[in-house]
Amino acid sequence: MASIEFRKVTKSFGDSTVIKDLDLTIADGEFTVLVGPSGCGKTTLLRMIAGLDPQTSGAVLIDGKDVTQIAPGQRGVAMVFQNYAIYPTMSVRENIEFGLKNNKVSKEERTELVESISATVGLSEYLDRKPSTLSGGQRQRVALARAMVKKPSVFLMDEPLSNLDAKLRIQMRIELIELHKKLGTTFVYVTHDQVEAMSMADTIVLMNKGVIQQEASPDLIYREPNNRFTAQFVGVPADECRTAGHGCARISAFDRSRRC
Ligand SMILES: Nc1ncnc2c1ncn2[C@@H]1O[C@H](COP(=O)(O)OP(=O)(O)O)[C@@H](O)[C@H]1O
Ligand SMILES: [Mg+2]
């Protein structure tokens, strides 16, 4: 388990500064969701935690330790992407085991780990199959299992469900919440979908154009938005509700305390 801290972090690509002087602390063991419109800098933040694309200035700390000089593989983080990144020519077992290959884990220990983790994500029956014979949800589970086998102290997930159909997405959301409870590890989950954020997060970090708009629990961010952007993103501001009644349906799932 580990907390993550951004201290005055700036990230530029050439002349373009995408994130400027960002301060953020992600609590140990929580399910934190980074949410915001496309292009607001969510993936950039995740990649800085993973060490795939270092910050231009400022510091990123994992478990209180500045990781600027630490290679991605040594940070104790595992990342799961939208497009799974699993290997089509390897079996499910080989894909999961692949996460361990570089870590000099004994064959016996590898087998045991692969089997216990496959059971956790419901893949025990599929270990000898090729990914092409699996459903989208099962493939996503392979990607998750491959991340889990490394026993990371932080899971980073970048829109991991966006390639799945709506029904499966809802099922996988529930499975991820369960998985988080089971593992008790820090999860940092990126999505542009406010419903996903509201239904999964302990803490939501809402971003716009590289700037954090609000950091709060789903309940608080909905009931007490800091600004208009937040109010619009997580619901429909009251004055707009009155003129555009159809908007209310969109937020009905969360509309327990507020009436339009
Ligand atoms: N490698 C890169 N080179 C140049 N610009 C980039 C690069 N990666 C991201 N950006 C820019 O940074 C901004 C934030 O991107 P990103 O973090 O991918 O947003 P999000 O994940 O929220 O959709 C965007 O304007 C994007 O064009
Ligand atoms: Mg992204």
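Seven residues of helix H1, namely Lys-42, Thr-44, Leu-45, Leu-46, Met-48, Ile-49 and Ala-50, are buried, a residue being buried if 20 or more other C-beta atoms, placed from the backbone, lie within 10 Å of its own, exposed if 12 or fewer do, and partly exposed in between. Helices (H or I, at least four residues) and strands (E, at least two) are DSSP runs, numbered from the N terminus. The structure is a predicted model, in which local features need pLDDT of at least 70 and side-chain atom pairs count only at pLDDT 80 or more, while totals for chains, interfaces and linings use all residues. Residues are numbered from 1 along each chain as its sequence is written, and chains are lettered from A and ligands numbered from 1 in the order in which they are written.

The chain contains 10 helices and 10 strands. Of its 260 residues, 37% count as buried. Among contacts in the chain with a separation of 6 or more, 64% involve residues 24 or more positions apart; two residues are in contact if their C-beta atoms, placed from the backbone, lie within 7 Å.

Helix H1 is mostly covered, with seven of its nine residues buried. Axes here are lines fitted to C-alpha atoms, for helices over the stretch in contact, and angles run from 0 to 180 degrees between N-to-C directions. Gly-51, with a positive phi near 85°, follows H1.

Helix H1 (residues 42–50) also gives the most to the shell around ligand 1, contributing three residues. The residues surrounding ligand 1 are Phe-13, Val-18, Gly-36, Ser-38, Gly-39, Cys-40, Gly-41, Lys-42, Thr-43 and Thr-44, where a residue is near a molecule or strand if its C-beta atom, placed from the backbone, lies within 6 Å of it. By class, this shell comprises three nonpolar, six polar and one charged residues; Ala, Val, Leu, Ile, Met, Phe, Trp, Tyr, Cys and Pro count as nonpolar, Asp, Glu, Lys and Arg as charged, and the others, Gly among them, as polar.

Two strands pair if DSSP finds at least two bridges between them. Strand E1 (residues 4–13) and strand E4 (residues 57–62) are joined in the antiparallel sense over five bridges, and Phe-6 stands opposite Val-60 in E4. Leu-22 is found in strand E2 and is buried, because 22 other C-beta atoms lie within 10 Å. Leu-22 touches Phe-6, Val-9 and Ile-212, residues up to four places away in sequence not being counted. The C-alpha atoms of Leu-22 and Lys-11, 11 residues apart along the chain, are separated by 9.2 Å.

A second open sheet has six strands in the order E6-E7-E8-E3-E9-E10, with mixed pairing. Here the edge strands are E6 and strand E10 (211–216), each pairing on one side only. Neighbouring strands of this sheet are turned by 15° against each other on average, direction ignored. Helix H4 packs on the sheet, touching E6 and E7, and its direction makes about 170° with that of E6.

Strand E6 (residues 77–80) directs Val-77 and Met-79 one way and Ala-78 and Val-80 the other, and all are buried. E6 pairs with strand E7 (residues 154–158) in the parallel sense over four bridges; Val-77 stands opposite Val-154, and Met-79 opposite Leu-156. Five of the five residues of E7 are buried, so E7 is largely enclosed by the rest of the structure. Val-154, Leu-156 and Asp-158 cover one side of E7, with Phe-155 and Met-157 on the other. E7 is in turn joined to E8 by five bridges, the two strands running parallel, with Met-157 opposite Tyr-189 in E8. Five bridges also join strand E3 (residues 31–35) to strand E8 (residues 186–191) in parallel, and the bridge partner of Thr-32 in E8 is Val-188.

Helix H4 (residues 136–148) has 13 residues and reaches 18 Å from its first C-alpha to its last, close to the 18 Å expected at 1.5 Å a residue, the expected span being 1.5 Å times one less than the number of residues. H4 is mostly covered, with 10 of its 13 residues buried, including Arg-139, Val-142 and Leu-144. Among the elements covering these buried residues are E6, helix H2 (92–98), helix H3 (107–120), E7 and helix H5 (166–183).
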